[in-house]
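Visitor: I have a chain open on my screen and would like to talk it through. Can we start with what its inside is made of?

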Amino acid sequence: MSIKLNYLKKMGSKTSNLVLFCDEKYSTSGLKKYLSNPEFTYINDLLKTVDQKKNLFIFEVNSKKKIALVSIKKNLKTSDIENLGAEFYKKINYGKNSEYFIISDSVVGKNDNLLGYFLHGLKLKSYEFKKYKTKKESRIIYISVLGNKIPSSYNQSKFKALEEGTFYARDLVSEPGNILHPDEYA
């Protein structure tokens, strides 16, 4: 797996890539405390020219810092939240940036475990079957979740068990027929 999660209570002095959540209209008024003044005005200027029907935007502030805005629509189902996490993984799974800080206090929405489902979708999308590949690239993306709205330890273990079971099933399905055939399954 290429995702490493870390849960922190406080933000460090220097953060590179930020992931912030906002409402469906991309209202950034609650995000000002997480951004510097130039970053805040830069993002607001860019939001005036983008198609706001999209769920996710990643803005490059400079060559070393990106800011991702994730739009949380009203009445999202858990599968929609997981799909948002998967979409986020597709956007960050390239380039040299490999460390992202998710600000959990910026999460808006009525779903109790929105961030847990978002991270679950992100991890499910990161699955790769590399057993028979000769060139095994090992790119690791570090995700640090900062703030007080982190998933409970019960939900973290529940999602981890679901991911391990899903990955095991995907491994079994991906095995070639000459290695894992019906007799082996039995």
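Guide: One term comes before that: a nonpolar core is a set of buried Ala, Val, Leu, Ile, Met, Phe, Trp, Tyr and Cys residues joined through side-chain atoms within 4.5 Å. Buried here means under 20% relative accessible area. Also keep in mind that this is a predicted model.

Visitor: OK. How many residues are in the largest nonpolar core, and which have the most contacts inside it?

Guide: The largest nonpolar core has 25 residues, and F88, I102, F118 and I143 have the most contacts inside it. Two or more residues come from each of β2, β4, α2, β5, α3 and β6.

Visitor: Which element gives the most to this core?

Guide: That is α3, with six residues.

Visitor: What does F88 touch?

Guide: Leaving out residues up to four places away in sequence, F88 touches V19, L56, A68, Y100, F118, L122 and I143.

Visitor: Let me zoom out. How many helices and strands are there?

Guide: The protein chain has five helices and six strands. Starting at the N terminus, the elements run β-β-α-β-β-α-β-α-β-α-α.

Visitor: In what order do the strands sit in the sheet?

Guide: The order is β1-β6-β5-β2-β4-β3, in an open sheet of six strands with mixed pairing. At the edges are β1, residues 3-8, and β3, residues 56-62, and each of these pairs on one side only. From one strand to the next, the twist averages 25°.

Visitor: How do β1 and β6 run, and how many bridges join them?

Guide: β1 and β6 run parallel, and six bridges join them. One example is I3, whose bridge partner in β6 is I141.

Visitor: Which helix packs on the sheet there?

Guide: Helix α3, residues 114-125, packs on the sheet and touches β1, β2, β4, β5 and β6. The direction of α3 makes about 160° with that of β1.

Visitor: What about β2? Is it mostly covered or mostly open?

Guide: Mostly covered, as six of the seven residues in β2 are buried. β2 pairs with β5 in the parallel sense over three bridges, and V19 stands opposite I102 in β5. β2 is also joined to β4 by six bridges, and these two strands run parallel. On that side, F21 has V70 in β4 as its bridge partner.

Visitor: Which residues of α2 are buried?

Guide: They are I81, L84, G85, A86, F88, Y89 and I92. You have met F88 already, as one of the residues with the most contacts in the largest nonpolar core.

Visitor: Is Y26 buried or exposed?

Guide: Y26 counts as buried because its relative accessibility is 4%, and the limit for buried is under 20%.

Visitor: And N75?

Guide: N75 is not a glycine either, and its phi is also positive, about 55°. N75 sits in the loop between β4 and α2. N75 counts as exposed because its relative accessibility is 77%, and exposed means over 50%.

Visitor: So what is L46, in between?

Guide: L46 is in helix α1. L46 counts as partly exposed because its relative accessibility is 24%, which falls between the 20% and 50% limits.

Visitor: How far apart are L46 and N178?

Guide: In sequence, L46 and N178 are 132 residues apart, and in space they are 54 Å apart, C-alpha to C-alpha.

Visitor: Last one: what box do the C-alpha atoms fill, and what share of the chain is buried?

Guide: Along the principal axes, the C-alpha atoms fill a box of roughly 65 × 35 × 35 Å. Of the 186 residues in the protein chain, 38% are buried.

Definitions and conventions
Residues are numbered from 1 along each chain as its sequence is written. This is a predicted model: local features need pLDDT of at least 70, side-chain atom pairs count only at pLDDT 80 or more; totals for chains, interfaces and linings use all residues. Side-chain values use heavy atoms; hydrogens and water are left out. Buried means under 20% relative accessible area, exposed over 50%, partly exposed in between (1.4 Å probe, protein chains only). Helices (H or I, at least four residues) and strands (E, at least two) are DSSP runs, numbered from the N terminus. Two strands pair if DSSP finds at least two bridges between them. Axes are lines fitted to C-alpha atoms, for helices over the stretch in contact, and angles run from 0 to 180 degrees between N-to-C directions. Contact means heavy atoms within 4.5 Å.
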